[in-house]
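Here's a quick briefing to read with the structure open beside you. Take it topic by topic and click along as you go.

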Amino acid sequence: MLNLTDIPRLARSAGRLAEITRVLAKYGLADALARLDNRFVRRWTRHTGLGRISSQSREVRIRLVLTELGTTFIKFGQVLSTRRDLIGSALSDELAQLQSHVPGDPFEVTRATIETELGKPLEELFKTFDPEPLASASIGQVHKATLHNGRKVAVKVQHPDIHRRVADDLAILAELAALAEQYLSEFRVYRPVAVVAEFERVLLRELDFRRELRHLQLFRAAFANDTGVRFPEPYPDHSRARVLTMELFEGTPFSNPDAVRAAGGNFADLARRGARAFLDMIFRDGLFHADPHPGNVFFLPPTESCPDGAIGLLDVGMVGRIDDRLRERIDRGVSAVLVKDSATITELIVQVGDVPSQFDPAALECEVAEQLAFYHGMPLEQFQLGTALNELTDAIRRYHVMLPAPIALLLRVLVMLEGTGRLLAPDFNLVELLEPYKKSSVLKKLSPKGALRRLIGTASDWDELVRAFPRQMRNLMRMLSRREIGVELSHRHLEPSVNRLAFGLMMSSLFVGSAMMWAAKAEPLVYGISLFGALGCFTSTVLGYRLFRAIQHSGRLEERDGEQ
């Protein structure tokens, strides 16, 4: 039943849905025009926007559609770029370029947001506050400010009314995903409903800046003893759900390599140090920065504690988490890739992934083995882990296996790490840096502490099972007494057998009845023989022979075309 309070939202959603339809039609029309072999149409569209759009690849047009639709869809594309197992490497690389640059809000709007969230006038909170934003993206904008103690800070302020706009777009996305999964079989294998649900969870968490503040605290604690890797210091007293105040990094982003070189950065050293930092997050801490594109990585000027210059990492709103069990599987997976063990890789994929009902593990193992055979005997310095992982992900996608979100994020981070490292230093090799972590994982497994932890985990599982058993049995007996348990039988290809049985019973009944009529000489008689008795016996005999022949040929009562 429709709630009257939903009517304004439905009206807004209807307008937004019309806009989405218009944008999709626009890019779909351009695709159709590009395929027309008509000189007039080509000449007409050559110098128009449609002509320029029609010349772009499918991946580029998808990126343009998401960019034009705004905040929620840009974020959706950025999250999709992490799912190489669903959309493939080409589209993933294209969507990874999605960046949102929106006009900044008027200063009075920003002031109102800060004062509402923090509960004080702006002048009491900050000594100075630059009204012009340093940058403005889809969710919020960043301003440079100074605290009363003289510390320079960056203040991230959320755009007003962003929650309502995101909620409307998420509702539309959920409806479109449900329709696609129900009516479009070609999209069903991509699990659109599950993907949109995962995206909704990620985006709503990213809208709460308190989570990013907590991530900064965790990362700073993990790298407290490493002066070469820095995360901005957050200021909880000046932060809330829509406002985040943190240390201002005055450095040079890796996206500007010439400026990094001019500032004294050693590319080979920075590539190795940056990669080690991310590998520490993954294999040591179980919490890693999930968006390490060059714009989020800064080269900070040399200091006494770090004479070679530190690496600064920003924007930790999206992170990946790895528990102990998943870390063990990742360790096994990395080791299997390094030694080209296709059977172990396939086994791990089946263990962690959501496999379809018709999944063929033997076929996937053959494909993985064929891919890894290419790297057999290859010198370590020539082996590119990113390329191998891309090929593996493409194979997983072809078999419609959906990986858990942390695994998908991890694969993306490893690929981006090697790509960024080779961009800075052509001889960079991520595999060489993985070797110490492989040895460390082996030592952890063999150590008494690791064995004790696994033993405690196993004991806890058994304890939970034993404790839950009486309760589960009691529930089972209660359901049996209430007749709430039903038995559902499924069968395959039993229809012919049932048909034969029923036909045989009918034929036998006809034969017995006709024989009784014949013996009793039931009228009418022909030469002293019961007419209906004789016809019944003859008919049942013919039908019996036909049933016998049908069983011999196909086991069916009737043979149809195409079922021989």
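This is a predicted model: local features need pLDDT of at least 70, side-chain atom pairs count only at pLDDT 80 or more; totals for chains, interfaces and linings use all residues.

**Phe-107 and Phe-129**
- The ring centres of Phe-107 and Phe-129 sit 6.0 Å apart with their planes at 40 degrees.
- Phe-107 has a relative accessible area of 22%, which makes it partly exposed, while Phe-129 is at 14% and counts as buried; the cut-off for buried is under 20%.

**Phe-359 and Tyr-399**
- Phe-359 and Tyr-399 pair up edge-to-face, at 6.4 Å centre to centre and 80 degrees between the planes.
- Both partners sit in loops: Phe-359 between α17 (342-352) and α18 (361-373), and Tyr-399 between α19 (385-398) and α20 (405-424). The two are 40 residues apart, and the pair links distant parts of the chain.
- Phe-359 has 15% relative accessibility and counts as buried.

**Charges over rings**
- Lys-156 lies over the face of Phe-209, at 5.1 Å from the ring centre.
- Arg-284 puts its charged end over the ring of Phe-223, 5.0 Å from the centre.

**Helices α18 and α19**
- The axes of α18 and α19 come within 10 Å and cross at roughly 160 degrees. Anything over 145 degrees counts as roughly antiparallel, so that is how α18 and α19 run relative to each other.
- The crossing of α18 and α19 is right-handed.
- On the α18 side the contacts come from Leu-364, Glu-367, Val-368 and Gln-371, which meet Glu-391, Leu-392, Ala-395 and Arg-398 of α19.

**Ile-311**
- Is Ile-311 buried or exposed? At 2% relative accessibility, Ile-311 counts as buried.
- You'll find Ile-311 in strand β10 (residues 310-313).
- Setting aside neighbours within four places in sequence, Ile-311 is in contact with several residues, including Gly-228, Val-229, Arg-230, Leu-270 and Phe-298.
- Pro-253 is 58 residues from Ile-311 along the chain, and their C-alpha atoms are separated by 9.6 Å.

Terms used:
Residues are numbered from 1 along each chain as its sequence is written. Side-chain values use heavy atoms; hydrogens and water are left out. Rings of Phe, Tyr and Trp (its six-membered ring) pair if their centres lie within 6.5 Å; planes under 30 degrees apart count as stacked, over 60 as edge-to-face and the rest as tilted. Buried means under 20% relative accessible area, exposed over 50%, partly exposed in between (1.4 Å probe, protein chains only). Helices (H or I, at least four residues) and strands (E, at least two) are DSSP runs, numbered from the N terminus. A charge sits over a ring if NZ of Lys or CZ of Arg is within 6 Å of the ring centre and within 35 degrees of the ring normal. Axes are lines fitted to C-alpha atoms, for helices over the stretch in contact, and angles run from 0 to 180 degrees between N-to-C directions. Angles under 35 degrees count as roughly parallel, over 145 as roughly antiparallel, 65 to 115 as roughly perpendicular and the rest as oblique. A crossing is left-handed if the near helix is turned anticlockwise from the far one by less than a right angle, and right-handed if clockwise. Contact means heavy atoms within 4.5 Å.
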